[in-house]
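Hi everyone, thanks for making time for this. Let me put the sequence and the structure on the screen, and then we can walk through them together.

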Amino acid sequence: WLDVLPCTGIVTELLCRKRPDYRFDVVERTVEVASFVAGRTRPRAGVFAWPSDPSSEDAPPKASYDLVSCIFRLEDCRATERAALCAAMAEWVRPAGKVLLAFVSNRSFHDWTERVRARRGGPRGVEYVLSPDPNIGPFRALAPHAVQGLVASAGLRVVRRLGLQAAPQPEEIAFRARNFSARTRRAAEMVGTLVRRIDSLPGVASRFGRFQFWLLERGPNP
């Protein structure tokens, strides 16, 4: 299993505990950051860097992984880098392997709530910017059709999709509204209770869910 751009490695560590039957490697912007992440895995993960010369020892070996994952990191890449990263993941996975891509969709409520947060007054330190969800921002969410184009251009096709959170969760509403007046907090909670009912409607989460998980494999789309 190759985890791509895992940042601090919080998710990598969880995956490693949940899937002990896999041997993990990590690839980050630098070998030094990858080494930090590797320290969170047991056994210690192999470390690689991207971008790097494909012939370099720092580059992940091609066609070597049963599973390659990139979880909420494509959003944080420059637009010019995203196609190159998708192409690299297609090279790293084995012909019969899978690529797990997770991203935040701009078809969801994510950007709208970020705009609301940016307009309000009050403290603006990092502790007030980040939501309770780990490792997902702040950044601009991605358009699903644009991601579809990226993976198709890399020679990958979507075999399964999962969408989650078509509406904000209670914990996030409480976090976002904690500095509002008591009346505004109650109103936000009431609205949140109403809109969460749409999560149970067939097809809503898959289309409008904030978190999109796509399982990809090599080959053209049908």
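Predicted model: local features only at pLDDT ≥ 70, side-chain atom pairs only at ≥ 80, totals over all residues.

β2, residues 25–28, runs parallel to β3, and the two are joined over four bridges. They belong to an open sheet of seven strands with mixed pairing, and the order across it is β3-β2-β1-β4-β5-β7-β6. At the edges sit β3 (46–49) and β6 (156–164), each pairing on one side only. On average, neighbouring strands in this sheet are turned by 20 degrees against each other, if you ignore direction.

Next, the helix I like here. α1, residues 10–18, packs on the sheet and touches β1 (2–4), β2 and β4 (65–71). Its direction makes about 140 degrees with that of β4.

Which residues of α1 are buried? Those are Thr-12, Leu-15 and Cys-16. Looking down the axis of α1, the buried residues fall within an arc of 100 degrees, so they line one face of the helix. They pack against β1, β2, β4 and also α2 (31–38). Over on the other side of α1, Arg-17 and Lys-18 are exposed.

Finally, a word on confidence. The chain averages a pLDDT of 83, and 73% of the residues score at least 70. Over residues 125–138, though, the pLDDT is below 50. That stretch still has 37 contacts in the model beyond near neighbours in sequence.

That's my tour, and I'm happy to take questions!

Key
Residues numbered from 1 in each chain as written. Heavy atoms only, no water. Pairing = 2+ DSSP bridges. Axes fitted to C-alpha atoms, helices over the stretch in contact; angles between N-to-C directions. Contact = heavy atoms within 4.5 Å. pLDDT = per-residue confidence, 0-100. Buried < 20%, exposed > 50% of the residue type's maximum accessible area, 1.4 Å probe, protein only. Arc of directions from axis to C-beta.
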